[in-house]
Amino acid sequence: MAAALALGGCTASPSADPPPTGRPVPAGGLRLVAFDSCDEALRQIRAAARAAVGPWGLGPGRDLLRFGAEAGADSGAQKAAGPASAPDFSGTNVHEAGVDEPDLVKTDGRRIVTYGRGVLTVVDPATRRQTGRLALDPAADRFSGQEGSLLLHGDRALVLLRAGRVPESTVPGRRPAPGVVGQARLVLVDLAAAPRVVGEYRIDGRMVDARQVGATARIVISSGHRLEFPQQPGERTDAQRIAANRGVIDKATLDDWLPRYEIRDGVRTVGSGRVGCDRVSRPAGFSAASTLTVLSFDLAAPALGAGDPVTVFADGDTVYSNGQRLYVAADQRWRTWRRAASPEARDVSTEIYQFDTAAGTPRFVAAGSVPGWLINQYALSEWDGHLRVATTTGDTWRRERSSQSGVYVLRADGPTLKRVGAVTGLGKGERIFAVRFVGGTGYVVTFRQTDPLYGVDLRDPAAPRVTGELKINGYSAYLHPAGDGRLIGVGQDATDEGQVTGTQVSLFDVADPARPTRIAQHHVARGWSEAEHDPHAFLYWPPERLVVIPVMQSGVDTDGPDGTKRPPFGGVLALRLGDKGFTVAGAVDHPGSLADGGERTPIRRSLMIDGVLWTVSDAGLKATALAGMTSLAWVPLS
């Protein structure tokens, strides 16, 4: 399914079909090509698809947005505003202050809301009791890729579900449409009393990610086409296969391309349709293999509505937002996995699309590309009107390892994100494992056998430069600013040969850009942490200078300090950050069946509310006092 979803629209190759034409429409300082009518839209989409279709169907590839060089206004230097005052509870660990991200648990200090295995649960942190429970998808299984996530505003929770399949064709001799294999579901739940569904929105495609500022939630959806190309057994030439596939395209309708949606009030369907032609934009060259849609919902409104969609013929994998602008990046690492032995794998690039989300309906602003691929959203950051992007290029699979990494600085110039500066050649033969931008400085971790931590000065966008480098064993997979010129790193320790040995938490002093140092390390042998690949699992609580991460150990029992055997640890580790390093504050685990030979229930998340540490697993929530790390309450989720 992931491979099918990755088949975005590649740039159309030349053909006998006439190039698409359209009506230029101003959109925030640039001119996007819109459609004069639905009939004209269908003609242009068919023409683009005919030009791009191959002997085996439409794809693979992505739509590379290629706009004319038209003058437009620059994006100004705008930054998301942080909270006005420090709250007495911790929210989700997010990339940018004031821009919330969906996660499996949310809190506003007066309630804790979780979603797991198809059930939404509400817990009162004051009474430490479960106060609400609502089954939304009893068949859901987080291990099948159907786990959902939450956004929270006031008495409303928006549950984002990735589950659900759209009907596939039963026509003999036809392949199922590869682009549309799922249906994203957005469920609005009222929490004022007993949780109840007050609205639901369903749209064909997959949810890429979402961001929330205040009551406004922006949801990014990637949808594929519905074309069903015939199976063509026997000896046929590529030209014959392409001709047959073009015959399918010639008979297709707009319903085969534009995403369809359905609106429910919690009981029945109250509206349905597809994204309108007037809501769709296209680049000069596109294949019509996929669309990228940004939906907007007001979580304070009585109902979800139609989502105010903005759709572009493109695709995307990674979402970053600073509140004023939203970026979607189309990462093409899957191409290198399929073509690792090919020299073309070294030419992979990432396309980036910029939307203005400062107010109202998102406006598509600009597009650009950088060489290489991203590790995650933390490889993107906007500062002073410039987008900084860290990528790895080249081959990391071959013995000679031609890979290297770099940081590129882009700025919107009309419809184009133009490169204004770059620094390359970082970690030759390695790849990026972690990135963090803090103000005008970027920190990049690459790894193969040792962990170079690079400091990059980005204050002059036209002339970024490496200011310092630190080489240590192992690597950090997540970096978190801790103030006073310090960074916390969570990753893996490793031998001199690069063999990982278990979880390590590092404290870096980066106050002197020319001489970064590691001043402390805590190691958990044979351990791994979800925070290494999902920063939502990381908690840093500044008032207590407390670092909390989930840790699981693998392998056989180990000797305890008194010479007795002890089982592998599974829970959360709490470390207190001091002037000279870490001290262990304690550990928390959840009830499980480890004593019976099973596995302990892994803890997924940690929260602080009114001085109490709350930990969350699929089994339940535990409240723990920081003094002595003593248990205060256990709230099961069954």
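Reader: How do H2 and H3 run relative to each other, parallel or antiparallel?
Author: In this predicted model, H2 and H3 are roughly antiparallel. The angle between them is about 170°, and over 145 counts as roughly antiparallel.

Reader: Which residues are in those helices, and how far apart are the axes?
Author: H2 covers residues 38-52 and H3 covers residues 238-251, with the axes 9 Å apart.

Reader: Which residues meet there?
Author: From H2, Arg 46, Ala 49, Arg 50 and Ala 51. Their partners in H3 are Arg 246, Ile 249, Asp 250 and Lys 251. By class, this contact has 5 charged residues, 3 nonpolar and no polar.

Reader: Other topic. How many cavities of 30 Å³ or more are there?
Author: A search of the whole structure gives 4.

Reader: What lines the largest one?
Author: The lining residues include Gly 91, Thr 92, Asn 93, His 536, Phe 538 and Arg 605. Strand S41, residues 603-609, gives the largest share of the lining, with 3 residues.

Reader: And how does that lining divide by class?
Author: Into 5 nonpolar, 5 polar and 2 charged residues.

Reader: What is the mean pLDDT of the chain?
Author: The mean is 83, and 79% of the residues reach 70 or more.

Reader: Where does pLDDT stay under 50?
Author: Residues 60-85 are one such stretch, and residues 593-597 are another. The model has 95 contacts beyond four places in sequence for residues 60-85, and 6 for residues 593-597. Where pLDDT is low, predicted coordinates should not be read in detail.

How values were computed
Residues numbered from 1 in each chain as written. Predicted model: local features only at pLDDT ≥ 70, side-chain atom pairs only at ≥ 80, totals over all residues. Heavy atoms only, no water. Axes fitted to C-alpha atoms, helices over the stretch in contact; angles between N-to-C directions. Helix = DSSP H or I, 4+ residues; strand = E, 2+ residues; numbered from the N terminus. Parallel < 35°, antiparallel > 145°, perpendicular 65-115°, else oblique. Contact = heavy atoms within 4.5 Å. Nonpolar A, V, L, I, M, F, W, Y, C, P; charged D, E, K, R; others polar. 1 Å grid on protein atoms, 1.4 Å probe; cavity = no way out; pocket = protein on both sides within 12 Å on 5 of 7 lines; lining within 4 Å. Points joined across faces, edges and corners; volume = space filled by probe spheres on them. pLDDT = per-residue confidence, 0-100.
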